[in-house]
Amino acid sequence: MELYIYDLDRLVGIVDVMTSLRWRRRYFEPGEVELHVLATAEQVALLQPGYVIRRPDRKEAAIIEAVEIQDNDLAVSGRMLSSVLGRAIISKQYNLNTTVEQAILTLVPEITRIFPLITAGTNTGLTPKVTMQVTYKNLLDTIINLSKTSGIGFQIVFEPGDWKLECYQGKDHSVEQKENPFVFFSDEFGNLGSASYTYDDSNFRNYALVGGEGEGEQRVKVEVDLSQGEQRREIFVDAKDVKQDKLTDEEYREKLKQRGLEKLADCVKAQNFESEALNVPNFEYLKDWDLGDIVTCYHTRWGISFPGRVTEIEEIYENGVTEIVPTLGEPLPEKLTIGSD
C-alpha cells in the first residue's frame, strides 16, 4: 500500500513502507487515522502536522494532527478531513426549511471563508428534510446533529486544490428488507470473527418537551414523542435561543421540534455489535457492503440477532495482515491512542 502525503494541495512525498496503519472510517462524524513508520529524518520531515494523508483506493483522506517519536518508532495520528469543519462557527442566523443534504451544503460557505479549499459538492437528491434555525454554533457539531437525526453521512472528498463536502446515504442490506441483496454476518456462516456486543440504555430518552420563547404558561412548547408504545423517558429542552421573528407559528414549532430531535439523537440506546468481518465471496467489503449500510449480524452461541447500520469500520494493516472490524449501531465513545502497541 502507498500513502500519498500532501501539503494541503501539493504532493510532497510517498510512504510505501510502514509498521502499521489503522484507518478508522465513521459515518456520522470524522474518522481517525494512526500510522507507525520507522523514525528517520526523511520520514519526520515528510509526516508533519497539517499535512494530508491520502489513500488512492479511498475517497477519504486524513489530516495529521499529532506526532510522537519513541526510539525507532514515528507515530502520527489525525482525523479525516471533515474534522476541519470544527474550525468554523456559524457566523450568522440560518433559517432552513429544506432537505438535510441541502441544509448541510448551504452551511459550507462558513468553512470556505476560513478554509477556501473546501467547497460544496453536488446535491444528490437525498430526501430527509429539516426545519431548523441555527446561529453561532460550531459548524461540525451542527452537521453531526443533522447527520444523526436523518441517517445521512457526510465526508470531504479530497482532490489536490479541491476539497468537496459531500453527503451520502448507506443502503439497507438487512435480511428484513427485499429491495437490496441482503448481507448477513454469522459465526455459523463463517464470516464473523471474534465479536463483542454491548447494550446500555442509561442515557436513553424517547420524549422531549421543548420550550421556546415566552415565560410561564405563555411559553411556546412542543412535544417530540418517539416512544412508539415504549415507556416514556423524558427530557426538557430549553430552546429560548430559537427565535420566531417573522416565522409563522407552524414554522416556529417545526424548528423547536427539530431542536428536540437533535437532543434525543444524543440520548439513544448505546447498542453495538463489533466483530472482525471475514470476506467471503457473497459478502465482500466495499463491493457488497460498506460504511453506512444496514446489515444483519447473528451470533448463534449467544442467540443474538442484530440488524444495524455500519456506523464505523476500522481497517488495520499490521505485519502483513489485514483486519476489517465493523461496528453496527451506536459506538461507545473512544479515541485512538498514538502510542505504540
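Student: In which sense do strand β19 and β20 pair, and over how many bridges?
Tutor: One thing to keep in mind first: this is a predicted model. To read a pairing, look at the direction of the two strands and at the bridges that join them. Here strand β19 (residues 294-299) pairs with β20 in the antiparallel sense, over 6 bridges.

Student: How many residues lie between the strands in the hairpin of β19 and β20?
Tutor: There are 4 residues between them, and G303 takes a positive phi near 70° in this hairpin. Now follow the chain onward to the next turn. The hairpin of β20 and β21 has 2 residues between its strands, and there N319 takes a positive phi near 55°.

Student: How many bridges do β20 and strand β21 share?
Tutor: β20 and strand β21 (residues 321-329) are paired over 8 bridges, in the antiparallel sense. Look for E318, which stands opposite V321 in β21.

Student: Which way do strand β3 and β20 run, and how many bridges join them?
Tutor: They run antiparallel, with 7 bridges joining β20 to strand β3 (residues 20-26). On this side, W23 stands opposite E315 in β20.

Student: Why is strand β20 described as largely enclosed by the rest of the structure?
Tutor: To judge that, count how many residues of the strand are buried. In strand β20 (residues 304-318), 11 of the 15 residues are buried, so the strand is largely enclosed by the rest of the structure.

Student: Now for the charges. What do the side chains of E314 and R22 form where they meet?
Tutor: For a salt bridge, look at the distance between a nitrogen and an oxygen; the cut-off is 4 Å. E314 and R22 form a salt bridge, at 3.4 Å from N to O. This pair links distant parts of the chain, since E314 is in strand β20 and R22 in strand β3, 292 residues apart. E314 counts as buried because its relative accessibility is 9%. Both residues also belong to a network of salt bridges that links R22, R24, R26, E32, E312 and E314.

Student: How many salt bridges does the count come to?
Tutor: The count comes to 24 salt bridges. One of them is between R219 and D238, at 2.7 Å from N to O. In this pair, R219 is buried, with a relative accessible area of 16%, whereas D238 is partly exposed at 47%.

Student: Which residue forms a salt bridge with R259?
Tutor: That is D241, with the closest N and O atoms 3.1 Å apart. R259 lies in helix α5 (residues 249-265) and D241 in the loop between β17 and α5, so the pair ties together parts 18 residues apart in sequence. R259 is buried, at 12% relative accessible area, while D241 is partly exposed at 37%.

Student: With which side chain does E34 make a polar contact?
Tutor: Its partner is the side chain of H36, at 2.7 Å.

Key: Residues are numbered from 1 along each chain as its sequence is written. This is a predicted model: local features need pLDDT of at least 70, side-chain atom pairs count only at pLDDT 80 or more; totals for chains, interfaces and linings use all residues. Side-chain values use heavy atoms; hydrogens and water are left out. A polar contact is a pair of N or O atoms within 3.5 Å; within protein, one must be able to donate a hydrogen and the other to accept it, and residues adjacent in sequence count only if both atoms are side-chain atoms. Buried means under 20% relative accessible area, exposed over 50%, partly exposed in between (1.4 Å probe, protein chains only). Two strands pair if DSSP finds at least two bridges between them.
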